[in-house]
Amino acid sequence: MTRSIVLLLLVNTTGAFAQAPVPMHEEPRHRLVLTHQQVRVMDVKINPGDTTLFHVHDVPALYVAVSAAPVDLQLLNGKWGGTHPAADPGRKPGDVNVDTSYVRQPLTHRVTNVGSQLFNLIAITNSTMSPSDLGSSEMPGALEMQNRWFTQSRARLSAGAAQRWYSARSPTIVVQPLRGTATVLLESGQKHVLNAPGSWALVPAGARYLLTTASAATLVVVQVR
């Protein structure tokens, strides 16, 4: 092997390990689909065997699972966790989890899908913090979580059931994580049809909205404070 080839290999190897971390919303598999005021929405898709770039989590995030798969994590300058392909993914479609620890201690890592099916989340981040006095939120369905960044409920709809109008106190994201078809109707007349797992809609702050379905559907409603 010639000296020039050895040098080229060293340069390529060094470059592979020197990848500069990118913001979460700039990581290619965290596809940014909405930026609205303090809100970002990302459609996170990692195929089996694929690995993200090192990326930084530094704002609170809420994750809605669409397709679950076991993943392994590697912290920057750390080792892989060693997750086995047969491991429990730790979540199932429709599950919601929140991580606000990034405010106190930003996290830089990369993720690889060690499973056999797509890993898919809808990630919602909030770059601001509401006052400690949250007040009451008018939300459709059952309230499941409330903190200084997010309020989240789950609405289970059925055809013919009486529905009511709600007012969005702050930007609100409606996500359909499971099969079914539902409609988010704004009082302005604008209509969003959610007809596939992972589909979502924005309800701007101050708007009134109605959730309907012609069959049955489960929606995750997230008010970003």
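**Ground rules**

Since I'm working with a predicted model, local features need pLDDT of at least 70 and side-chain atom pairs count only at pLDDT 80 or more, while totals for chains, interfaces and linings use all residues. I number residues from 1 along each chain as its sequence is written, and side-chain values use heavy atoms, with hydrogens and water left out.

**Entry 1: the sheet**

I looked up an open sheet of five strands and got the order S10-S11-S18-S13-S16, with antiparallel pairing. Strands here are DSSP runs of E, at least two residues, numbered from the N terminus. Two of them count as paired if DSSP finds at least two bridges between them.

Which strands stand at the edges? They are S10 (142-146) and S16 (199-203); each has a single partner strand, so one side of each is left without a neighbour in the sheet.

Next I went to S16. S13 (residues 172-176) pairs with S16 in the antiparallel sense, over five bridges. Within that strand, serine 199 is the bridge partner of glutamine 176. Is S16 enclosed or open to the outside? Four of its five residues are buried, so S16 is largely enclosed by the rest of the structure. My cut-offs: buried is under 20% relative accessible area, exposed is over 50%, and partly exposed lies in between (1.4 Å probe, protein chains only).

**Entry 2: salt bridges**

My rule asks for a side-chain nitrogen of Lys or Arg within 4 Å of a carboxyl oxygen of Asp or Glu. How many salt bridges does that give? The count comes to eight.

I started with aspartate 43, whose side chain meets that of arginine 31 at 3.4 Å, N to O. Aspartate 43 lies in strand S3 (residues 39-46) and arginine 31 in strand S2 (residues 30-36), so this pair ties together parts that are 12 residues apart in sequence. Aspartate 43 counts as buried at 11% relative accessibility, whereas arginine 31 counts as partly exposed at 48%. Aspartate 43 also forms a salt bridge with lysine 45, at 3.8 Å, N to O. Lysine 45 is partly exposed, with a relative accessible area of 40%.

Then I checked arginine 154 and glutamate 144, which meet in a salt bridge at 2.9 Å, N to O. This one links distant parts of the chain, with arginine 154 in strand S11 (residues 150-158) and glutamate 144 in strand S10, 10 residues apart. I have arginine 154 down as buried, at 12% relative accessibility, and glutamate 144 as partly exposed, at 41%. Elsewhere, salt bridges that share partners join Glu27, Arg29 and Asp50 into one network.

**Entry 3: positive phi**

Glutamine 37 sits in the loop between S2 and S3 and counts as exposed, at 58% relative accessibility.

Asparagine 77 went on the list too: its phi is near 65°, again positive in a residue other than glycine. I found asparagine 77 in the loop between strand S6 (71-75) and strand S7 (96-99). At 77% relative accessibility, asparagine 77 counts as exposed.
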